[in-house]
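Visitor: I have the display open. Please take me through the terms used for it, and show how each one is decided.

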Amino acid sequence: MACGVMAKEMLTKKSTLQDQINSDHLIRAMQDRRAEEQEEEEEEQISESKSDDEENEIIYNPKNLPLGCDGKPIPYWLYKLHGLNINYNSEICGNYTYRGPQAFQQHFAEWRHAHSMRCLGIPNTAHFANVTQIEDAVSLWAKLKLQKASEQWQPDTEEEYEDSSGNVVNKKTYEDLKRRGLL
């Protein structure tokens, strides 16, 4: 009996020791998880503060170059290649300044230029491409109106008649010949 009782005690001690070991492992695992979560939170806070620092960081741009898609100034050679160092002013657009030839050419089709031309009473046609001064645009429009007026059909001088012989003459000559009775 003593052996049986001792065996039972050993089994109970063994099971309690295993339970303690298992609970110790569970406690350590939970502590490890908590430590990992705290480390991750700290890393996130550090990365957020770094990104805030990067956003608030003043970019060194002494030549006032335009910014690229990454928020940093474009390289100087690219700036020169695209002609962005050349400024074009348009008096018609309210002295707006365009950087580079591409932006300047595109502005002729944009709303600002078209609206300003309409306000001046001038149509925004191909005749006025590369015209940026108001005075030049107005004088060109006056010249174009005169040219259009002279190209219009004038019936008293350009109307043609045919006499009985089959000769084609203008209206004035036909009326003269008719008055004289030569027809």
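**Terms and their cut-offs**

Visitor: Which word applies to phenylalanine 104 and phenylalanine 108, buried or exposed?

Guide: Phenylalanine 104 is buried, and phenylalanine 108 is buried too. Buried means under 20% relative accessible area, exposed means over 50%, and partly exposed is what lies in between (1.4 Å probe, protein chains only).

Visitor: What kind of model is this?

Guide: It is a predicted model, in which local features need pLDDT of at least 70 and side-chain atom pairs count only at pLDDT 80 or more, while totals for chains, interfaces and linings use all residues. Residues are numbered from 1 along each chain as its sequence is written, and side-chain values use heavy atoms, leaving out hydrogens and water.

Visitor: How many aromatic pairs does the structure hold?

Guide: There are 6 aromatic pairs. In one of them, phenylalanine 104 and phenylalanine 108 lie 5.1 Å apart, centre to centre, with 75° between their planes.

Visitor: Why is the contact of arginine 179 and aspartate 176 called a salt bridge?

Guide: A salt bridge is a side-chain nitrogen of Lys or Arg within 4 Å of a carboxyl oxygen of Asp or Glu. Here the N to O distance is 3.1 Å, so the name applies. By this rule the count is 1 salt bridge. Side chains of opposite charge can pair when their charged atoms come close.

Visitor: How far apart along helix α7 are arginine 179 and aspartate 176?

Guide: They are 3 residues apart, which means about one helical turn separates them. Helices (H or I, at least four residues) and strands (E, at least two) are DSSP runs, numbered from the N terminus.

Visitor: Why do arginine 179 and aspartate 176 get their accessibility labels?

Guide: Arginine 179 has 66% relative accessibility, so it counts as exposed. Aspartate 176 has 30%, so it counts as partly exposed. Threonine 173 also sits in helix α7 (residues 171-180), and at 34% this threonine counts as partly exposed. Threonine 173 is 65 residues from phenylalanine 108 in sequence and 49 Å from it in space, C-alpha to C-alpha.

Visitor: Which residues form the negative surface patch?

Guide: Asp32, Glu36, Glu37, Glu39, Glu40, Glu41, Glu42, Glu43 and Glu44 form it. Patches are made of residues with over 30% relative accessible area and no salt bridge, with like charges joined within 9 Å. Asp and Glu count as negative, Lys and Arg as positive, and His and the chain ends are not counted.

Visitor: Why is asparagine 64 called exposed, and why is asparagine 130 called partly exposed?

Guide: Asparagine 64 has a relative accessible area of 53%, so it is exposed. Asparagine 130 has 47%, so it is partly exposed.

Visitor: What makes tryptophan 111 exposed?

Guide: Tryptophan 111 has a relative accessible area of 62%, so the word is exposed. Tryptophan 111 is found in helix α4.

Definitions and conventions
Patches are made of residues with over 30% relative accessible area and no salt bridge: like charges are joined within 9 Å, nonpolar side chains (Val, Leu, Ile, Met, Phe, Trp, Tyr) within 5 Å. Accessible areas come from the Shrake-Rupley method with a 1.4 Å probe; for residues, only the protein chains shown count as cover. The place of a charge is taken as NZ of Lys, CZ of Arg, CG of Asp or CD of Glu. Rings of Phe, Tyr and Trp (its six-membered ring) pair if their centres lie within 6.5 Å; planes under 30 degrees apart count as stacked, over 60 as edge-to-face and the rest as tilted.
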